[in-house]
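Here is a note for a colleague who is opening this structure for the first time. The points can be checked one by one in the viewer.

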Amino acid sequence: MTVAADPVTAGTAAADPATAGAAAGAPAARRVAVVGGGPGGLYAAALLKRLDPAREVTVWEKNAPDDTFGFGVVLSDETLGGIEHADPVVYAALRERFVRWDDIDIVHRGTRHTSGGHGFAALSRRVLLAVLHERCRDLGVDLRFCAQAPPAAELAAAYDLVVAADGVRSGTRAAHADVFRPTVTGHRCRYIWLAADFAFDAFRFEIAETAHGVMQLHGYPFSPADSTVIVEMREEVWRAAGFADMGTAESVDRCAKIFSEALRGRPLRSNNSSWLTFRTVVNDRWSHGNTVLLGDAAHTAHFSIGSGTKLAVEDALALAACLQEQPGIPQALTAYEAERRPVVESTQRAARASLEWFEELPLYLDQRPRQFAFNLLTRSRRVTHDNLRLRDARFTAAVERDFGCPEGTPPMFTPFTLRGLTLRNRVVVSPMDMYSAVDGVPGDFHLVHLGARALGGAGLVMTEMVCVSERGRITPGCAGLYTDEQAAAWARITDFVHTQAPGTALGVQLGHSGRKGSTRLMWEGIDEPLPDGNWPVVAPSALPYTPRNQVPHALRADELPGLREEFVAAARRARDCGFDLLELHCAHGYLLSSFLSPLTNRRTDAYGGSLEARLRFPLEVFDAVREVWPDDRPMTVRVSATDWADGGTTADDAVAVARAFAAHGADAIDVSTGQVVSDEAPAYGRSYQTPYADRIRNETGVPVVAVGAISSWDDVNSLLLAGRTDLCALARPHLYDPHWTLHAAAEQGYTGPGAPWPLPYRAGSRRPRTGRTDAPKPRLTLTGAAAREDPVA
């Protein structure tokens, strides 16, 4: 779990629902039903009653008041700040009972590494419920324990507002599933909530490598004498270890033995504990009429990144504030969802990354101990290299030394070697189609575009996809390498880069559009067919990209050698132009990619069917190109590691594809995703494609290039130090700022050989000064009654 601040959450927490809408005189729900007496439901009830003492608030809880599941609850400083603003009485009661600590201990293969400065606060779930019970009673909330709530429709008819806080198995959500449209996703690990009768002095992660597989312990204190202990493992490990056939008592005893060192030989205890599989809950809508979902009923986030209690309490704060601020219940529920959904989606993305990291834990077991610890700490992408350095500079500096960073050198500015090419840093300008060539000839635009980014400091600058034939173009504006005139134009560009930006490598990406060819320029309608002047397109199977696009000619086996030779001829020209690296484009649904995907390759001959057969032609092309490409110059392959569509390429397939190309001499795999079929459903988010690069790298040992919404130098440093990639390719950041790499160096105070400023630009290597923006500090601060009397305060 982490308490990293989310700026949206922090803003929510700072709102004071006790006063937020009072001036507006917003009409309030007079009769409120709350289904579920967990922390979220109870806190919502208390807030709503406190805001309007005349309001009738009833809570239905099917369990007894002393029944509780789990042990400790972790809350962030942002959540506590919101509680303090909204209800100082609850805050004061909780503050007295919290235990706080700063350290995280990570124990792996007998080595413990401690990282400090993290700031946790936890207390017993039973104590939290007791505090909220007392507060609700004091305010006059009607608490009904051991009571099943009436059906959802009856409540909605009898009350002004129904708050469904009835958990991950919400009956309210199920009753209106056609409106809420929930998606519940299961995951690969089993886990059990237990407790130990002593307090860990840090948040502890411990890894156990057993004869049955890898198991992990997550432990943290929740009182001066107690700790929560969660034991987790993959389903197949759980079954192999025999847990599926054990009762709870035997399971608990077995877990205590496996982690006896972490537990200091003490036993574990259960509390209605059972082995569970985590389920991620997402709803298309959070409200229906006057019924609204809150907490786990609306969303869940894996326990390894954040407490469900934390999210539920924040939901309650936002709901109460919106009911005060808005003129009516429909507007309030709309505002509540609009405020909370981005925060929750961000948390769920981080939680998904974290839970998948633990699912794939065996991939990282052979990492160096400190790198393993850093990888674990940054697994969700919420904790990064830069903020971990602020929290614990000594630990982070040790990780950097292990990585091989010279003193004062950020990880991104360490060199990396592929075959005979040593890149001075780990930044790649990703291939980006410019659609600005004339008859395939790159012109002044390409010279300026690529030249500017070469001068901007990146270690490797890649061309757009350069087409190997006229019919292999995507659009009429695509560049090519199928004529001598085109080759001469490219030679002009490589000469400029090598002369004016020495130390910058220039790579060429060769490809063929396949069925995605003969379309308009991007800004005229991406993937839309040309209104006239179309040329025929080809593919492994006669399947159009969309119903609007051409049906491609299904290539016969005897036509494949001619296509292969087009790649070879282009590679010879690229060699003679002086490119430093060649990348074969086998991604994004273009010709070679469409051979790889089962969604686009329906062939029944030797080039279709099994993955091995679908690989046959792309590997034949790779081998032929490698044969004419100089031995000392590297070759990479870009792949789509998933099609983001049912029945398409999977992560397992991507690993097999990477192994195959590496066995044939690929020096690195450039790992992208998607764009293979038009009905894809990508899971977008910050650095959302990097887990695929991570898996390929750590499962195969092949160097990888990570790409996909990597937008900050902090992300680059974090991914490199964690061992998830070897190089990072950035596209849009380099469109926004051609000197992105040099500016990243300046912002980190780095002036070494990994990012030298061109001599004519050296005077601009420091950020220009701006006008003064700071205001004089106030001399006096009013507090107490005086501050409340001041309308400005």
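How many salt bridges does a search of the whole structure find? The search finds 42. Please keep in mind that this is a predicted model.

1. UniProt, in an unreviewed entry, gives residues 160-348 as "domain: FAD-binding". Over residues 160-348, the chain is 34% helix and 33% strand. For residues 412-745, the UniProt record (unreviewed entry) lists "domain: NADH:flavin oxidoreductase/NADH oxidase N-terminal". Residues 412-745 are 35% helix and 16% strand. Here the end C-alpha atoms lie 9 Å apart.

2. **The nonpolar cores.** The largest nonpolar core has 123 residues. L481 and F661 have the most contacts inside this core. Helix α19 (residues 560-577) gives the core its largest share, eight residues. There is also a second, separate core of 57 residues. Among its members are L75, L123, L128 and A164.

3. **Around L481.** Look next at the surroundings of L481. Neighbours within four places in sequence are set aside here. L481 is then in contact with V466, C467, Q486, A487, W490, V508, L510, A570, R573, A574, C577 and F579.

4. L510 lies in strand β22 (residues 505-511). Its relative accessible area is 0%, so L510 is buried. L510 and L481 are 29 residues apart along the chain, and their C-alpha atoms are separated by 8.5 Å. Not counting residues up to four places away in sequence, L510 touches several others, including M465, V466, V468, F567, A570 and A571. L582, E583, L584 and H585 are also among the residues that L510 touches.

5. **A salt bridge inside one helix.** R341 and E337 form a salt bridge, with the closest N and O atoms 2.6 Å apart. Why are they separated by about one helical turn? Both are in helix α12 (residues 329-359), and they are separated by that amount because they are four residues apart. Both R341 and E337 are buried.

6. **R473 and E470.** This pair also forms a salt bridge, and its closest N and O atoms are 3.9 Å apart. R473 has 9% relative accessibility, so it counts as buried.

7. **A bridge between two helices.** D652 and R695 meet through their side chains in a salt bridge, at 2.4 Å from N to O. The pair links distant parts of the chain, 43 residues apart. D652 is in helix α23 (residues 651-663), and R695 is in helix α24 (residues 690-700). Are the two partners buried or partly exposed? D652 counts as partly exposed because its relative accessibility is 47%. R695 is buried, with a relative accessible area of 17%.

8. Most residues other than glycine have a negative phi. C146 lies in the loop between β8 (142-145) and α6 (152-158). Its relative accessibility is 56%, so C146 counts as exposed. D527 is not a glycine either, and its phi is positive at about 65°. D527 is found in the loop between α18 and β23 (538-539).

9. **A nonpolar surface patch.** Which residues form a nonpolar patch on the surface? They are M522, W523 and I526, with about 350 Å² of accessible area together. M522 is placed in helix α18 (residues 522-525). With 40% relative accessibility, M522 counts as partly exposed.

10. **L735.** L735 is found in helix α26 (residues 732-736). It counts as partly exposed because its relative accessibility is 43%. Leaving aside neighbours within four places in sequence, L735 is in contact with M432, M434, H449 and R453. L735 and H187 are 548 residues apart along the chain, and their C-alpha atoms are separated by 38 Å.

How values were computed. Residues are numbered from 1 along each chain as its sequence is written. This is a predicted model: local features need pLDDT of at least 70, side-chain atom pairs count only at pLDDT 80 or more; totals for chains, interfaces and linings use all residues. Side-chain values use heavy atoms; hydrogens and water are left out. A nonpolar core is a set of buried Ala, Val, Leu, Ile, Met, Phe, Trp, Tyr and Cys residues joined through side-chain atoms within 4.5 Å. Buried means under 20% relative accessible area, exposed over 50%, partly exposed in between (1.4 Å probe, protein chains only). Contact means heavy atoms within 4.5 Å. Patches are made of residues with over 30% relative accessible area and no salt bridge: like charges are joined within 9 Å, nonpolar side chains (Val, Leu, Ile, Met, Phe, Trp, Tyr) within 5 Å. Accessible areas come from the Shrake-Rupley method with a 1.4 Å probe; for residues, only the protein chains shown count as cover. A salt bridge is a side-chain nitrogen of Lys or Arg within 4 Å of a carboxyl oxygen of Asp or Glu. UniProt positions are given in the numbering used here, feature names are shortened, and annotations may be inferred rather than shown by experiment.
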